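Hello,

Here is the structure I promised to hand over. Please open it first; my notes follow below.

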Amino acid sequence: MSVNPAPSTDEERLAQLGYQQELHRRLSGFSNFAVSFSIISILAGAITSYGIAMTAGGPIAITLGWLFVGIMVTFVALAMAEVCSAYPTAGALYWWAAALAKRNKAAWAWFVGWFNFLGEVAVTAAIDFGAAITTSAFLSLTFDMEVTTGRTFLIFLVIIVVHGLLNTFGVNLVRLLSDVSAWWHLVGVAVIVGVLAIVPDTHKPISEVFTEVHNATGFTFAGAGVYAVLIGLLMAQYTYTGYDASAHVAEETHDAANAAPRGIVMSVVVSVIAGFVLLFAITWSIQDYEAQRTTDLGLPPAQIFIDAAGHNTGTFLLFICMVAQWFCGMASVTANSRMSYAFARDGALPGSRLWKQVNPRTGTPTNSIWLCVTLSTLLVLPSLWNTTAYLAATSVAVIGLYIAYVVPVFLRRVNPDFERGPWHLGRWSAAVGWIAIVWVVIICILFILPTASPITAANFNYTIFAVLVVLAFATIWWFAGARKWFTGPKQNLIEKAHHGEQTMPTEN
């Protein structure tokens, strides 16, 4: 297969996969990386979920835990990238599952698609709700606004509607904002680290930053400290989500068979390094562990910034995180809507005819964007009454997405006929793939375990039920009728030929 990056080859490869070019192909390799890097967003996930690891595990889970999980996630990213290079299409994970399965192709595509779709909705909800928590803390520090659940939800609504609008205006604006976002994250981390290294009068001993264990989970059995550290890995694992975005925007990327897999891997690797430096600096700057863990601001890093650098400088550092989180949510809506568009294009969503429409002026799947905004809002709605519902959403995002990530990797491993694309792992492919699969099995077990003791209705980990509801919904619908009409990815070139439309791939 030709890998010449001339514009026509992307459209030709897409035509080989059975699709006419409909979305506008205007993203560079850097922009493709920037979308995934913005969704991983070390200034979003690692900041908003920092308290999880402060409670369960402490500094060792935050610093060494971040590095360990980062290495494991890099294996997953490498294995996914190899498959992405062979099939650079917006359907991504579920499309790959259908292409790689030897039997029951439609069923594999159906279940991977639903896990990916609901994982994407959950991660968009979690990111924008996290951004609302950070924005609330910022407004509390600057305008003395009292933080309430109602106000936080209203801020969330404003944020997600703005993200819907920005995505509606076209891929050029998304490209510009994603590029700015990547630089904002890198420069922002450098500023935060610089301030926290120089300004505080005292720092935590470096040995404690890497080895200290904190266990505020309430578990006291033998080995409870180790258990707490394992539970605390959720902070890192939740942050390392969303890099499948590089695959979802492949149909909008130049030289997609090379640029999209590079985007997947580089977004993770850069996040591992920059995130480690950031988390080291924050943990090194802790002045009063317990007071900062239980701060009224509802966001421990905000309190750490204030105590270490003073009110005004600390608020400025929080502002850097807040803007990064707005960028992160915008990129998440982009990826979510592209996956929904592709899934609808193949007839898998209720009302698919509506959700697969592309606005001819902007080249964006507008209806699909607002579907994702609406569903993410519904997922956050229970936060008005119950915080555990939201915490379950973050775990569902992790488990739902990672199941969708690793099923195509597994199918690729058991399919001897896989034809690799121009970007591949060579002789390391099998080892990398199996390590990725084993890691995902481990986290699926880890993040449904109890997180606090004694177990009550308020702190119960609902994740297992949420995952089972998704599985039950997809299974019942499959056997009730979907298996009769869902045949897996539908190639729109064939459809258009039946309708007498132009069948040659178009160039933009």
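Start with Phe319, which is partly exposed at a relative accessible area of 30%. Keep in mind that the model is predicted.

Phe319 has a ring partner. The count of aromatic pairs comes to 40. Trp184 sits in helix H9 (residues 171–198) and Phe319 in helix H17 (residues 311–345), so the pair ties together parts 135 residues apart in sequence. Trp184 is partly exposed as well. Its relative accessible area is 28%.

Ring pairs also build a cluster. Among its members are Tyr94, Trp110, Phe343, Trp477 and Phe486.

Next, Thr89. It is found in the loop between helix H5 (64–86) and helix H6 (93–100). Thr89 is buried, with a relative accessible area of 0%. Its contacts include Tyr19, Trp95, Glu251 and Arg345. Two of these residues come up again: Arg345 lies over the face of Tyr19, at 3.9 Å from the ring centre.

Then Met235, in helix H12 (residues 234–239). Met235 is buried too, with a relative accessible area of 0%. It touches Ala46, Tyr50, Ala53, Trp66 and Leu279, among others. Met235 and Ala53 are 182 residues apart in sequence, yet 6.1 Å apart in space, C-alpha to C-alpha.

Last, helix H14 (residues 256–284). It has 29 residues and reaches 41 Å from first C-alpha to last, close to the 42 Å expected. Of those 29 residues, 22 are buried, so H14 is largely enclosed by the rest of the structure.

Best wishes

Notes
Residues are numbered from 1 along each chain as its sequence is written. This is a predicted model: local features need pLDDT of at least 70, side-chain atom pairs count only at pLDDT 80 or more; totals for chains, interfaces and linings use all residues. Side-chain values use heavy atoms; hydrogens and water are left out. Helices (H or I, at least four residues) and strands (E, at least two) are DSSP runs, numbered from the N terminus. Buried means under 20% relative accessible area, exposed over 50%, partly exposed in between (1.4 Å probe, protein chains only). Contact means heavy atoms within 4.5 Å. The expected span of a helix is 1.5 Å times one less than its number of residues. Rings of Phe, Tyr and Trp (its six-membered ring) pair if their centres lie within 6.5 Å; planes under 30 degrees apart count as stacked, over 60 as edge-to-face and the rest as tilted. A charge sits over a ring if NZ of Lys or CZ of Arg is within 6 Å of the ring centre and within 35 degrees of the ring normal. Lists of a residue's contacts leave out its neighbours within four places in sequence.
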